[in-house]
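Visitor: Could you take me through this structure with some care, giving the criteria behind each term as it comes up?

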Amino acid sequence: MNSSIKRKIMLLLSITSLLSSSVFLIYSINVFEKDKIAYIYDTNSIYLETITNQFKNELKLSSEISKKYLTEYQKNKAFSSGDSIFLDEDSFVKGLFLVDITNPASPQLVDKITVKSNFGYKLTEDVGFLKSVPQTLAESKSMFLGGELVYVSDVVYDASEKIALVTVFRSDALQSFFETDKAFSSFMMSMSGDVVRQTSNLQAGYLKEEFPTLFTRLDSIKMGTSEIKSAQQEDWLLSSSSLGLNDLYLVTLTNKKEAFGVLTYLINKSLIVFLMVLSGVVLVSQFASTYVTKQILTLSEAAKQIIGGNFKINVPVKGNDEISLLSETFNKMAVEMVKLLEDTAQGARLEAELKTAQAVQQTLFPPVHQKFENGEIHGSYQSASECGGDWWHYFENEQKIWFWMADATGHGAPAALITSAIKSAVAMTENLKMEPEVAIELVNKSICQVSKSKMMMTCFLGVIDKATRVVHYVNASHEAPFILSKRTDLKKKDLRFLDNSKCNRLGQSMTSEFKVASEQLEAGDRIFVYTDGIPDIRNKNEESLQERGMFKVVLENHNKGVNVSQFITGVHAQFETYRENTELIDDVTFFAVDVL
Amino acid sequence: MSKLQFTQSNENGKTVLTLNGQIDESFPQELHGLKPAGDMVINLDQVKMINSLGIREWIKFMGTVSAAKIEFVKAPKIFIDQVNMVQGFITPNCKITSFYVPYFNEDSNAEKNVLYSQGKEFGEGFLNVAGSVKGEDGSELELDVVEQKYFKFLKN
């Protein structure tokens, strides 16, 4: 699981980086490629335009100089240099040649003026040069002279004297264009396909041999810049510009692969950087995933320790992130688990103790049913918790039947402890011949000593004289029991309450006085004694049974004319039906004594 | 169930204490320090429940205000039950001048608490208990307590 999370984090980071970087790279290369192509095209076009403009300016200057010298010659019949036959060394024009073309078939050099040195091309000795002058004039062209340097001759003509002045100047623009140190090859060619001049290091016929397609569609040189395939099917960039003279074009050819070499270099570099970044990302991913999974592994190890029963662990909390928060929470959880386990253990101990107390308390209660001479008793007890605060008891003492009902304040363990106190106190009185008020007074003092007035009990003590059927009773603020006569058509108003004794609760005061009251019973009378838990019985709708409901249940069962056991069982069953298994609010205790 | 709350005011020179909620172990300790200047009226109309732990607190409270003449008004059935049953629940300096008597119709489950007032339904030497009353829906509601038991406190 650990490696899986680690791998997932690494994959997530790497794939995210790979995708984003790839998109960026592809986009960048695409944009750069477009920009580079545009740059190369523009650069070639601008370069050619610059060259041609420069050449046109040279041609214009040459023409002006020619006209000046021709005018001078016409005026003086000689060049104004007078006795000098040389031009200045730094002169733009390198030579002026006056040619008589009276006979076009045999033109004659009349006069000349040149720079003194560095004009190695001996025009005057070139017969072809002189012979081409009439034709050049006729076609209104300029002449391009051979040699390493590019010389151009411009011809002006005096028609009246049939004299032509040939001005020779060196074109720096074209000289520069044809230099061999360029990234491209340079050509000057006409629309008829004649290659007038080319980069000197190329073999003659190179263009026709390497780029035959160019000559099949010569119009393409008018397009500025376009792509063309070589004979080896390589892509080349063709740029051209009109020279503005003699129907000539300057053409450059650039190997596209070489031109885009920088771009390829850049792409390769970018790919290398991309791979380096990706490697970095993978390393960072490895580090990050290791960091995260290490913390999780630590937590996992700590969890194993807890499973193994070692709760005294403390996971180191590093940093201030979600993992550290988880570690902190884990530590808190471990502390809480220890506390919870201790509480649970303590709860289990308490539960065990309560069960023991419950078992002990059961011994405080008498058997639920007992027959006496002239009397019969049956009872029911239900506690709201493990230990209850209700208590009931009975015993027979010579000619008397004693019955007790007590209810401690509250319920649970503290109340149960008081019930054990009253049981002990009552047990002491069982074998003593004493009046009810004396007996309950003794019990009160016993409760006071035990509870120190912190807990009290309501209590009802009834004593039936079997011989006279008189019940003497003392009520220490308990619910007043009532007598049901043996009739089976009793109504609520027929109930007779034993409510003529009202005394302090047990445990309230050591000096409490207890007043006894008496009631004559008849054979067949039934005394119903109960605690206040009965009216508090609730159903699922949280509706209390109330006193009204209790009387109804008691009267219904009594009027069936059944014996005391059946009566108590029937009452209990109806209470249970009403309760619908909901929890008791208070202990529910009741019993009935039948006088026979 | 709500904890017992109380308000205290003065009307015609008497301290009027109005209680609201249940009388139980959460009994307000401030009431144990209450020292009414003169007579006191305790309105019990909104007392909802009394348990055995509340009885102990109440008896303690009765001891702290034993010097004053106390008049209980609008006592609910749960209060009257305790008065009838628990010795010392109200002290001799107290008298109940009005209390509720519950009526009930078993067929319709309709309930009604009728306020009995001193000088009207009961007084020195007389008690007029209506066996039945008319409910809000016109039905006949019968007395929902055992007369012998419920009105016993008036005889003491």
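Guide: What follows is a set of questions and answers on the two chains and some of their elements.

Guide: This is a predicted model, in which local features need pLDDT of at least 70 and side-chain atom pairs count only at pLDDT 80 or more, while totals for chains, interfaces and linings use all residues. Residues are numbered from 1 along each chain as its sequence is written, and chains are lettered from A and ligands numbered from 1 in the order in which they are written.

Visitor: Which element gives the largest share of the side of chain B that touches chain A?
Guide: The contact (C-beta atoms, placed from the backbone, within 7 Å) takes 13 residues from chain B and 15 residues from chain A. The largest share, 3 residues, comes from H1(B).

Visitor: What percentage of the residues in chain B is buried?
Guide: Chain B has 3 helices and 11 strands. A residue is buried if 20 or more other C-beta atoms lie within 10 Å of its own, exposed if 12 or fewer, and partly exposed in between. Of the 156 residues in chain B, the buried part is 30%.

Visitor: Why does A:Phe482 count as buried?
Guide: A:Phe482 lies in strand E18 (residues 482–484) of chain A, and its contacts, leaving aside neighbours within four places in sequence, are A:Leu495, A:Arg496, A:Phe497, A:Leu498 and A:Phe528. The C-alpha atoms of A:Phe482 and A:Leu498, 16 residues apart along the chain, are separated by 5.8 Å. A:Phe482 counts as buried because its C-beta neighbours inside 10 Å number 22.

Visitor: Which residues of H8(A) are buried?
Guide: Helix H8 (residues 322–362) of chain A has 41 residues and reaches 56 Å from its first C-alpha to its last, close to the 60 Å expected at 1.5 Å a residue, the expected span being 1.5 Å times one less than the number of residues. H8(A) is hardly covered, with 3 buried residues among its 41, and what covers these includes helix H7 (261–307) and helix H9 (413–429) of chain A. The buried residues are A:Ser327, A:Ala334 and A:Gln361.

Visitor: Which strands stand at the edges of the open sheet in chain A?
Guide: In chain A, 6 strands form an open sheet with antiparallel pairing, in the order E12-E13-E22-E21-E18-E19, two strands being paired if DSSP finds at least two bridges between them. E12(A) is joined to strand E13 (residues 375–382) of chain A by 4 bridges, and A:Lys371 has A:Glu376 as its bridge partner in E13(A). Each edge strand has a single partner strand, so one side of each is left without a neighbour in the sheet, and these strands of chain A are E12 (369–372) and E19 (496–497).

Visitor: At what angle do H9(A) and H10(A) pack?
Guide: Two packed helices are described by the angle between their axes and the distance between the axes. Axes here are lines fitted to C-alpha atoms, for helices over the stretch in contact, and angles run from 0 to 180 degrees between N-to-C directions. The axes of H9(A) and helix H10 (residues 436–451) of chain A are 9 Å apart, and the helices pack at an angle of about 145°.

How values were computed: Contact = placed C-beta atoms within 7 Å. Helix = DSSP H or I, 4+ residues; strand = E, 2+ residues; numbered from the N terminus.
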